[in-house]
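Subject: Structure for you to look at

Hello,

Here is the structure I said I would pass on. Please open it next to this message, and then read the notes below.

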Amino acid sequence: MISEKMKGYVKNSSVIRAMFEEGKKMAAIYGADHVYDFSLGNPNVPAPAKVKEAVYDILENEDSLMVHGYMSNSGYEDVRGTIAEHLNGLYGTSYSAENLLMIVGAAGGMNVFMKTILNPGDEVITFSPYFTEYRAYVTNYDGKLVEIPCDAETFQPDVEALAASVNERTKAVIINSPNNPTGVVYSRESLMAVARVLSEKEKEFGHPIFIFSDEPYREIVYGDYEVPWIPDLYKNTVVGYSYSKSLSLPGERIGWLCFPSEIDDFSDMIAGANVANRILGFVNAPSLMQRVVARCLDEKTDVAYYAENRSVLMEGLSKAGFTFVEPQGAFYLWLKSPEDDEKAFVAKAKEKQILIVPGSSFGKSGWTRLAYCVSHETVKNSLPGFAELAKEYGL
Ligand code: PLP
């Protein structure tokens, strides 16, 4: 007999995951080459060769008791120190091992953060559309997720709506840029405006309101869009980073949280997050992968591969007459549904073996998301189907 709360989670279980499973079934029926699965953000670019070399070398040459043993809940101190130095080189900061906590992917990290800060009934704001799982990451700890819209044209945060939504129960605001699902990179101006509002509200309510910056796509940017280091703009920022996309390691579950020393209640936050990591059952982030990523900090994923998919897709979709937001980062394209009911559009796309995700899964109906972290062939071969769809809609 499962809990009432879990019954709710099962009922609302991820549409994206369901589509991913469906894609596998369809591939068995039609052949993988004839299914165009844009459902899941599972990077198809392989991990850099250095990752494999590091795995072998660590297993061959590092002390196996250490590599496979228990460690402090925050992770290996030398790994955290190396990552801190790397961040200092990038952002001119002065972090050390004590500012970092190794986590079980961005998802694990957000759960650690939410468990650390939330009392029942506390509110966490997210800009909509947003990564579907945020709701569970907040309600897991009896918090309330408050959705506020992005600007309807630019999909940048709507700062006036933010100002109107923050109240004495607001504990944190989630920022995700480059954004899943829109592919938009939040501008420095937008982020500064968010920071201004939150600083005023902190004064008004007399307690910290954290920004949680969820950054698994930080390096995946097209052109010269800037992805500012948010702790430079707003003191009470905690950054969550993951190697799932930047090194194509989503199954390995590895990343870090950065708690700058300047944040309010720094010592309590670090102590709380360490305990959260332990009692959520993670105990510590995967040991081998901690050691691997520390050796691969200068490695980069093949952004050019995604850029090629992005331009082929944009060209094909605009030729067909679709409306979409030009992706600035991540590997998602935010496509306007040609009919108000985007689920009906998604169903029609499925008839052409094209799998895309309805925007309502991200809190915004009337739109759909395509994850183009797929092969070049999948993108190219999907275009006739999109063209047929466009014709059926009279675009
Ligand atoms: N946050 C966002 C915005 C994501 O898109 C994802 C995964 O797609 C995650 C968090 C979870 O990442 P991870 O696999 O590192 O837990």
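A salt bridge, as the term is used here, is a side-chain nitrogen of Lys or Arg within 4 Å of a carboxyl oxygen of Asp or Glu. By that rule the side chains of Glu 4 and Lys 7 form one, with 3.1 Å from N to O. Glu 4 and Lys 7 are 3 residues apart in helix α1, so about one helical turn separates them. In general, side chains of opposite charge can pair when their charged atoms come close. The structure holds 21 salt bridges. Please keep in mind that this is a predicted model.

Domains

The interface

The size of an interface is often given as the accessible area lost when the parts come together. For domain 1 and domain 2 the buried area is about 2,600 Å², and carbon and sulfur atoms give 58% of it. On the side of domain 1, the residues that lose the most area to domain 2 are Ala 47, Gln 328 and Phe 362, which together make up 25% of what that side buries.

How many salt bridges cross the interface of domain 1 and domain 2? The rule finds 1. Lys 5 and Asp 142 form a salt bridge, and their closest N and O atoms are 2.9 Å apart. Polar contacts between domain 1 and domain 2 amount to 20 residue pairs, counting those with both residues at pLDDT 80 or more.

The ligand

There are 14 residues around the ligand, and those that come nearest are Asp 214, Tyr 217, Ser 242, Ser 244 and Arg 253. A polar side-chain atom of Tyr 217 is 2.6 Å from an oxygen atom of the ligand. The side chain of Ser 244 has an N or O atom 2.7 Å from a ligand oxygen atom. For Arg 253, an N or O atom of the side chain is likewise 2.7 Å from an oxygen atom of the ligand.

Backbone points

Most residues other than glycine have a negative phi, and most peptide bonds are trans. Which peptide bond is cis, with omega about 5°? This bond joins Ser 128 and Pro 129, and Pro 129 lies in the loop between β3 (123-128) and α7 (134-139). The peptide bond from Ser 177 to Pro 178 is cis too, with omega near -10°. Pro 178 is in the loop between β5 (170-175) and α9 (188-205).

Phe 155, a residue other than glycine, has a positive phi, near 60°. Phe 155 sits in the loop between β4 (144-149) and α8 (159-165).

Regards

Conventions
Residues are numbered from 1 along each chain as its sequence is written. This is a predicted model: local features need pLDDT of at least 70, side-chain atom pairs count only at pLDDT 80 or more; totals for chains, interfaces and linings use all residues. Side-chain values use heavy atoms; hydrogens and water are left out. Buried area is the accessible area (1.4 Å probe) that two parts lose on being put together, summed over both. A polar contact is a pair of N or O atoms within 3.5 Å; within protein, one must be able to donate a hydrogen and the other to accept it, and residues adjacent in sequence count only if both atoms are side-chain atoms. A residue is near a molecule or strand if one of its heavy atoms lies within 4 Å of it. Helices (H or I, at least four residues) and strands (E, at least two) are DSSP runs, numbered from the N terminus.
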